[in-house]
Amino acid sequence: MRPLSAKIAAIAPSATIEITEKARKMQAAGTDVISLSIGEPDFPTPAHITKACIDALNRGETHYTAGKGIPELLNAIAGKIVQENKIPCTPDQVIVGCGAKNSIYEACEAVLSPGDEAVILDPSWVSYEPCVQIAGGVPVHHPMHPKTFQVDDTVLEKISEKTRMLIINSPSNPSGVILNNESLRLISDICQDHDLIVISDEIYEKLIYRKTHISIGAFPGMEDRTITVNGFSKAYAMTGWRLGYAVASKEIIGYMNKVQQHTISHPTTFAMYGGVAALKGPQECIEEMRFEFEKRCSYVLKSMEEMGLSYAPADGAFYAYVKVDGNDAEVATHWLEKGHVAVTPGSAFHHPGWIRISYAASMDRLKEAMNRISAAL
Ligand SMILES: Cc1ncc(COP(=O)(O)O)c(C=O)c1O
């Protein structure tokens, strides 16, 4: 048989597969493995959101609907983006997808022609590179500043005639770092000087400790150059609902909609009613989760300090990002084998020598995990 797609063959297998597989086998064999490799909140979806979805089901909202999303949700998202993110936005500048991941993929398809380069800042979330590749683009990686994890002008070395897009993520998965005003100003200037588009992944926007979130789409001159991506998974503990969205110029949204029409059609109709309830309903649920994550963040970072490990200046998301001596995959395997704690090696994020610890686990489990890592060290 002739080989399957060369494009898909070129996509690197996830650097986490080996360790995840090992953790799974240990669990199946009865070992009490504490999983700190999870990328989802350990809270249930708030009840008023679930109820809105059940009500929609009971009303018979079980059929095809508008391609870019139900009007109620497009309106609610546009309202939120104007009010909270200070980005000019009308409902026809919004498209709802099956998770932020789906929106990021559609954005890459909409912008990139074959061979166009997309600059990705490392450490970077695992799916940016494959999304660019599947869309026919070429990922070009560039490291963040090694200490501050901010963007500096060395990124200009990676901008060429072929560059079409930059991808930024604040707060960051895996580092938890929030991009400051200077980093965003630099990206904005580069985009405007070199005629580039930026995907700004703001999925962890609500999970911020101490600092404030700034959207690059609100910078003057960036209105038509920014694809702001966000979703419900992290802020409202709705990972399984597969609901996310993108906000951009009408032209970009039109291109994304073509991809959407011929692939997913639209996100699940009744799930979108849950999205409306999330945005329009009480927001205290976010603060309760954020407050809990902040306590855990402080606890994990303090524990790291006590163990003599340095870490990225995390102010958001639910990850601590820790520097380790030696090969990160070997250290993660050692923590798993000796301490029965599963974490994610930085290599998965194109950033060897570091380890991501998710604190989306109860305080009791985190305490036990820190004791075990300390003993394994
Ligand atoms: C940085 C980042 N962007 C996007 C996503 C995708 O989120 P969704 O569940 O909305 O597809 C994740 C999920 O882990 C993420 O960490």
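Which loop holds Ala-237? Select the stretch between strand 7 (226-231) and strand 8 (244-247); Ala-237 is in that loop. Helices (H or I, at least four residues) and strands (E, at least two) are DSSP runs, numbered from the N terminus.

This is a predicted model: local features need pLDDT of at least 70, side-chain atom pairs count only at pLDDT 80 or more, and totals for chains, interfaces and linings use all residues. Residues are numbered from 1 along each chain as its sequence is written, and side-chain values use heavy atoms, with hydrogens and water left out.

**Stop 1: backbone**

Stay on Ala-237. Its phi is positive, about 50°, although Ala-237 is not a glycine. Most residues other than glycine have a negative phi, and most peptide bonds are trans.

Now select Asp-122 and Pro-123. The peptide bond between them is cis, with omega near 5°. Pro-123 belongs to the loop between strand 3 (117-122) and helix 6 (128-134).

Next, pick Ser-170 and Pro-171. They too are joined by a cis peptide bond, with omega about -10°. Look for Pro-171 in the loop between strand 5 (163-169) and helix 7 (181-194).

**Stop 2: the ligand**

Display the N and O pairs within 3.5 Å:

- Asp-201: a polar side-chain atom lies 2.5 Å from a ligand nitrogen.
- Ser-233: a polar side-chain atom lies 2.7 Å from a ligand oxygen.
- Asn-173: a side-chain N or O atom is 2.8 Å from a ligand oxygen.

Taken alone the ligand exposes 390 Å², and the protein buries 93% of that (Shrake-Rupley method, 1.4 Å probe).

**Stop 3: the pocket**

Zoom out. The ligand sits in the largest pocket, with more than half of its atoms within 2 Å of the grid points. A pocket is an open set of points on a 1 Å grid over the protein atoms alone, where a 1.4 Å probe fits, with protein on both sides within 12 Å along at least five of seven lines; lining residues have an atom within 4 Å of a point.

About 750 Å³ of space lies in the largest pocket. Of its 36 lining residues, Gly-39, Trp-125, Val-126, Lys-234 and Arg-356 are closest to the centre. Finish on helix 2 (17-28). Helix 2 gives the most to the lining, with six residues.

Methods: A polar contact is a pair of N or O atoms within 3.5 Å; within protein, one must be able to donate a hydrogen and the other to accept it, and residues adjacent in sequence count only if both atoms are side-chain atoms. Grid points are joined across faces, edges and corners, and a volume is the space filled by probe spheres set on the points.
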